[in-house]
Amino acid sequence: MHASHQELADRLGDGLLSFPITTFDAHGELDEQRYREHVSWLSEHEVSGLFAAGGTGEFFSLTPEEVATTIRLALESSGGAVPILAPAGGSTRSAQQHARIAEEAGAAGLLLFPPYLTEASQAGLRDHIRAVASSTHLPVVVYGRANAVLEPETLEQLADELPNLMGYKDGIGDLERMTRIVATVGDRLLYVGGLPTAETFALPYLELGVTTYSSAMFNFVPDFASAFYADVRARDRAGVTRRLKEFVLPYLEIRDRGRGYAVSIVKAGVDAIGRYGGPVRPPLSELRPDERQDLAALIARIAERVAA
């Protein structure tokens, strides 16, 4: 791995990561000013890296032009305080286009999403990752989930071959597979926890060497998210369990009431703290009014405990 890529990996691996929401106005258009405000606010908190237009940022519903704008806005709004990583996904050619957009914008790195729709063999996934990583100088984090379930030997081969393959983000949650990946590939890659509400897997994953994860709830309860991460890194099991019970598990109960709520609930959370989350784009759907009320009450309770 290139020295500058290793420096970025070290920084990302030593702190909490997050994916800012992408703000849309009432008509579903990109709301640039509110996005600036949100990224600027997040950058004021303790975070080691932000992934612009990621999964929580509804990458799947953005045009290439909107992706480029979102990356630029994130870079400007963070003021250089936080590394900004950009998305790449869709077809191989589309992902290569996203990589060029990210590099031209000045992003620090790239998160490579699974290829669009179709199932693929290990050889096919290897060719896809190789083609995208070889098209850019940016360090690349591969996102394993859905139709991109990578075998340890595949990742090992790619890590040996691609000097800019920086990391692997796990969105599968298979502890046995993750154990085999870490044992096979070792410290050649940065490992990132990437499951929805990654806090639930944070402590067991830490024991495998996964020192960081992406926190969606950082968008609206950044102080709680940072305190949770501190408990994880300190291996404070009692503290982690307490925070799971008081907020994370009740939050999951609301999230699991509807399909596609993983992003919607984050935007509703931002609205609940008096900032602007705004609507999601189709095919995602909004929380019902009663679910928004339950979420707001949960956030208010945790805010009282944090203040105390």
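Keep in mind that the model is predicted. A search of the whole structure turns up nine aromatic pairs, and five of the rings involved, those of Phe220, Phe224, Phe228, Phe247 and Tyr251, are linked by ring pairs into a cluster. Tyr251 also shows up where helix α10 meets helix α11, so that helix pair is a handy place to start.

**Where α10 meets α11**

- Helix α10 covers residues 237–255 and helix α11 covers residues 261–272; the two pack at about 120°, with 9 Å between their axes.
- As for handedness, α10 and α11 cross in a right-handed way.
- On the α10 side, the contact is built from Tyr251, Ile254 and Arg255, while α11 brings in Tyr261, Ala262, Ile265 and Val266.
- Sort those contact residues by type and you get six nonpolar, one charged and no polar.

**Aromatic pairs**

- Among the nine aromatic pairs in the whole structure, Tyr213 and Tyr229 make an edge-to-face one, with 5.7 Å from centre to centre and 65° between the planes.
- Why does this pair tie together separate parts? Tyr213 belongs to strand β8 (residues 212–213) and Tyr229 to helix α9 (residues 222–233), so the pair bridges parts that sit 16 residues apart in sequence.
- Tyr213 and Tyr229 are both buried.
- Phe220 pairs with Tyr251 in a tilted arrangement: the ring centres are 5.9 Å apart and the planes make an angle of 40°.
- Phe220 has a relative accessible area of 3%, so it is buried.

**Charges over rings**

- Lys169 puts its charged end over the ring of Tyr143, 4.2 Å from the ring centre.
- Arg281 does likewise with Phe24: its charged end sits over that ring, 4.2 Å from the centre.

- Pro282 and Pro283 are joined by a cis peptide bond, with omega at about 15°.
- Pro283 is found in the loop between α11 and α12.
- Ala146 is not a glycine, yet its phi is positive, near 50°.
- You'll find Ala146 in the loop between β5 (140–144) and α6 (152–161), and at 65% relative accessible area it is exposed.
- Thr197 is another non-glycine residue with a positive phi, in this case about 55°.
- The loop that holds Thr197 runs between β7 (190–193) and α8 (202–208). Thr197 counts as buried, with 10% relative accessibility.

- Which residues does Thr70 contact, leaving aside its neighbours within four places in sequence? They are Thr22, Leu30, Tyr35, Ala52, Ala53 and Leu62.
- Thr70 itself is part of helix α3 (residues 64–78), and its relative accessibility of 0% means that it counts as buried.
- Arg292 is in helix α12 (residues 289–307) and is partly exposed, at 27% relative accessible area.
- Not counting residues up to four places away in sequence, Arg292 touches Ala268, Asp271, Glu286 and Leu287.
- From Arg292 to Ile254 the C-alpha to C-alpha distance is 9.0 Å, although they are 38 residues apart in sequence.
- With a relative accessible area of 17%, Ala216 is buried; the cut-off for buried is under 20%.
- Ala216 touches Thr56 and Val266, leaving out residues up to four places away in sequence.
- Ala216 and Leu295 are 79 residues apart in sequence, and their C-alpha atoms are 15 Å apart in space.

Note on methods:
Residues numbered from 1 in each chain as written. Predicted model: local features only at pLDDT ≥ 70, side-chain atom pairs only at ≥ 80, totals over all residues. Heavy atoms only, no water. Axes fitted to C-alpha atoms, helices over the stretch in contact; angles between N-to-C directions. Helix = DSSP H or I, 4+ residues; strand = E, 2+ residues; numbered from the N terminus. Left-handed = near helix turned anticlockwise from the far one by under 90°. Contact = heavy atoms within 4.5 Å. Nonpolar A, V, L, I, M, F, W, Y, C, P; charged D, E, K, R; others polar. Phe/Tyr/Trp six-rings, centres within 6.5 Å; stacked < 30°, edge-to-face > 60°. Buried < 20%, exposed > 50% of the residue type's maximum accessible area, 1.4 Å probe, protein only. Lys NZ or Arg CZ within 6 Å of the ring centre and 35° of its normal.
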